[in-house]
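Please look at the sequence and the 3D structure below before reading on.

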Amino acid sequence: MLYLAERPNRVDRGSPEVPRTVDDLITRFWGGATPSRARSIWQPVVDVIETPQAYLLRAEIAGVNPDDIEVTLVGDTLTMRGEKVIEERLDDQTTHLNERMAGRFERSFALPTSVSPKDIEAEARHGVLVIKVMKAKEAQPHKVAIRTS
């Protein structure tokens, strides 16, 4: 599976590896964002699984209203976009720690074989969005009978 918009979602602070690009350096230091935008960039982590008949994408969307997510397929590119909103702060409260991230997100995936655009299902359950994209009939494996003479 090839990612069209691959960006790291978590920072591995224990890695001794030297960042290779400025983007790697920013990701390592600020978790993928500049300090002023650190709380506005968030992307759900996604598992991509292939079966003989379909592709399954499982995205963690805890705290995201499923009505605020849009899933589209254009050609062989599947895109999910949406927004995670954190509750508004009250005037009389003091926040001592704020680790949750929020903001708009967009993830795109290039599917390597032809898929059936009519046979896509998406379901949100327990904070996980599951997208099932069926492969086109011609992309699914066929068992070939062997004749004997």
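The text below starts with the overall fold and then turns to single side chains.

This is a predicted model, in which local features need pLDDT of at least 70, side-chain atom pairs count only at pLDDT 80 or more, and totals for chains, interfaces and linings use all residues. Residues are numbered from 1 along each chain as its sequence is written, and side-chain values use heavy atoms, with hydrogens and water left out.

The protein has 1 helix and 8 strands. Helices (H or I, at least four residues) and strands (E, at least two) are DSSP runs, numbered from the N terminus. Read from the N terminus on, the order of the elements is β-α-β-β-β-β-β-β-β. Of the 149 residues in the protein, 26% are buried. Here buried means under 20% relative accessible area, exposed means over 50%, and partly exposed lies in between (1.4 Å probe, protein chains only). A contact means heavy atoms within 4.5 Å. Among the contacts in the protein with a separation of 6 or more, 55% are between residues 24 or more positions apart.

Next come the charged side chains. The structure holds 5 salt bridges. A salt bridge is a side-chain nitrogen of Lys or Arg within 4 Å of a carboxyl oxygen of Asp or Glu. One of them joins R81 and E106, at 3.2 Å from N to O. R81 lies in strand β5 and E106 in strand β6 (residues 103-110), so this pair ties together parts that are 25 residues apart in sequence. R81 is partly exposed, with a relative accessible area of 28%, and E106 is partly exposed too, at 41%. R81 and E106 are also linked with E70 in a network of salt bridges.

Another salt bridge joins R104 and E83, at 3.8 Å from N to O. R104 lies in strand β6 and E83 in strand β5, so the pair ties together parts that are 21 residues apart in sequence. R104 is exposed, with a relative accessible area of 65%, while E83 is partly exposed at 29%. The side chains of R125 and E123 also meet in a salt bridge, at 4.0 Å from N to O. R125 is partly exposed, with a relative accessible area of 48%, and E123 is partly exposed at 42%.

What is the nearest side chain of opposite charge to K84, which is buried yet has no salt bridge? That side chain is E60, 8.5 Å away. For charge, Lys and Arg count as positive and Asp and Glu as negative; His and the chain ends are not counted. K84 is in strand β5 (residues 77-84). A polar atom of the K84 side chain lies 3.5 Å from the backbone oxygen of A62. Not counting residues up to four places away in sequence, K84 touches W42, A62, G63, V64, M101, A102 and G103.

Two further residues can be looked up. The charged end of K135 sits over the ring of Y55, 5.1 Å from its centre. A charge sits over a ring if NZ of Lys or CZ of Arg is within 6 Å of the ring centre and within 35 degrees of the ring normal. H126 lies in the loop between β7 (115-125) and β8 (128-135). H126 has a positive phi of about 55 degrees although it is not a glycine, and H126 is exposed, with a relative accessible area of 80%.

Methods. Polar contact = N/O pair within 3.5 Å; in protein donor to acceptor, adjacent residues only side chain to side chain.
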